[in-house]
Amino acid sequence: MIKLSRPDCPEELEKLKDELTQEYKDTKKTVWKRKFITVPLLKMSNDKCAFCECKLGEEGKYMQVEHFHHKNEYKDEVVDWNNLLPICIRCNSHKLDHDTYLLPIIDPTQIDPKNHLEFYKYRMLGKDDIGNLTVEVLDLNNTTEIATPRFQIGNAVLEKLEDVLEVVQNFDVDSKDATEKARVIRKVRALLKKSTSVNIYCATVATVLLTAPDYLLLKLEMEKKALWTVELQKIEDSVANIALDQRERF
Ligand SMILES: [Zn+2]
């Protein structure tokens with residue numbers, strides 16, 4: 001889970017909010033299933049579930065509009081823009097009518113998950129009560145559904161890191177070949193880009209990459225050979241922004 005920036009309320013929703021809210025109260029219809037709601041929600045999360053970060057739109061993972069404060073109890077918020085999140089069916093089926101006023105969990109558009117969650121062996125752990133409850137309510141460490149995909153994607157990035165480190169180590173610092181230098185920088189950029197906020201399970205990927213011993217070696221080697229650029233540092237900063245702390249001891 002990463003922090004999401006919610007854009008302004010779509011104009012059409014602003015105009016129709018009262019009407020749709022009343023319609024829901026009268027008929028219980030799914031009044032939130034409108035393109036002017038779903039499209040900007042998906043854009044906000046880069047087509048990912050706001051909770052577990054799986055890709056939405058893939059087989060069996062259609063987007064659900066989540067009412068953070070559940071709609072049965074808090075009907076006035078049924079199309080309140082700030083109450084809506086794009087999530088997957090799995091997360092929806094776990095959260096159900098959990099009352100987030102009485103027992104708060106993380107709303108990633110309001111608070112930064114990094115302050116409440118940490119990472120240990122591909123599992124998300126709470127740093128505090130809200131973190132613990134978020135993991136529990138959403139079943140964020142389910143082996144088959146979440147922890148295994150997290151491991152697969154994290155391991156793929158570590159394999160890529162090994163390859164890129166080799167390329168950097170083999171780069172001849174005395175070479176006058178600008179093409180080769182550009183190629184090395186391009187490979188490191190591509191590796192870092194795999195861990196930015198647009199990628200699925202990016203909180204995991206970012207954490208795994210930045211805490212890998214090979215990554216530290218890679219950066220040192222890049223700096224030593226004057227290959228580390230301002231642009232790479234900027235991408236690394238954005239990756240560090242979404243990476244979770246790794247729990248080292250209990
Ligand atoms: Zn999900």
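This is a predicted model: local features need pLDDT of at least 70, side-chain atom pairs count only at pLDDT 80 or more; totals for chains, interfaces and linings use all residues.
**Notebook: helices, domains and core**

Residues are numbered from 1 along each chain as its sequence is written.

**Entry on α7 and its partners**

I looked up how α7 and α9 pack, and found an angle of about 115 degrees with the axes 8 Å apart; axes here are lines fitted to C-alpha atoms, for helices over the stretch in contact, and angles run from 0 to 180 degrees between N-to-C directions. On the α7 side the contact is made by Cys202, Ala203, Ala206, Leu209 and Leu210, and on the α9 side by Val239, Ala240 and Ile242, where contact means that the C-beta atoms of two residues, placed from the backbone, lie within 7 Å.

I then turned to helix α5 (residues 143-170) and helix α7 (residues 202-211), whose axes come within 9 Å and cross at roughly 40 degrees. The crossing of α5 and α7 is right-handed. Arg150, Ile153, Gly154, Val157, Leu158 and Leu161 of α5 meet Thr204, Val205, Val208 and Leu209 of α7, and by class this contact has seven nonpolar, two polar and one charged residues.

**Entry on the whole chain**

I find nine helices and five strands in the chain, and its C-alpha trace spans about 75 × 40 × 30 Å along the principal axes. The domain assignment, which comes from an automatic or database source, gives domain 1 (11-138) and domain 2 (143-246). Their centres, taken over C-alpha atoms, are separated by 31 Å, and the contact takes 14 residues from domain 1 and 17 residues from domain 2. Strand β3 (residues 117-120) provides four residues, the largest share of the side of domain 1 that touches domain 2. By class, that side of domain 1 has six nonpolar, one polar and seven charged residues.

**Entry on the core**

Which members of the largest nonpolar core touch the most other members? Of its 54 residues, they are Cys49, Phe51, Cys52, Leu161, Ala203, Ala206 and Leu209; such a core is a set of buried Ala, Val, Leu, Ile, Met, Phe, Trp, Tyr and Cys residues joined through C-beta atoms within 7 Å. Among the elements that each supply at least two residues of this core are β2, β3, α5 and α7. Domain 1 (11-138) and domain 2 (143-246) both give residues to the core, so it lies between them.

**Entry on single residues**

I call a residue buried if 20 or more other C-beta atoms lie within 10 Å of its own, exposed if 12 or fewer, and partly exposed in between, with C-beta atoms placed from the backbone. Of the 250 residues of the chain, 32% count as buried.

I checked arginine 90, which lies in helix α3 (residues 89-95), and it is buried because 20 other C-beta atoms lie within 10 Å. Leaving out residues up to four places away in sequence, arginine 90 touches Cys52 and Glu145.

Is aspartate 80 buried, exposed or partly exposed? Aspartate 80 is partly exposed, because 17 other C-beta atoms lie within 10 Å, and its place is in the loop between β1 (64-67) and β2 (84-87).

Tyrosine 122 has a positive phi of about 65 degrees and sits in the loop between β3 and β4 (123-126), whereas tyrosine 201 has a positive phi of about 45 degrees and sits in the loop between α6 and α7. Tyrosine 122 is buried, with 21 other C-beta atoms within 10 Å, and tyrosine 201 is buried too, with 25.

Definitions and conventions. A crossing is left-handed if the near helix is turned anticlockwise from the far one by less than a right angle, and right-handed if clockwise. Ala, Val, Leu, Ile, Met, Phe, Trp, Tyr, Cys and Pro count as nonpolar, Asp, Glu, Lys and Arg as charged, and the others, Gly among them, as polar.
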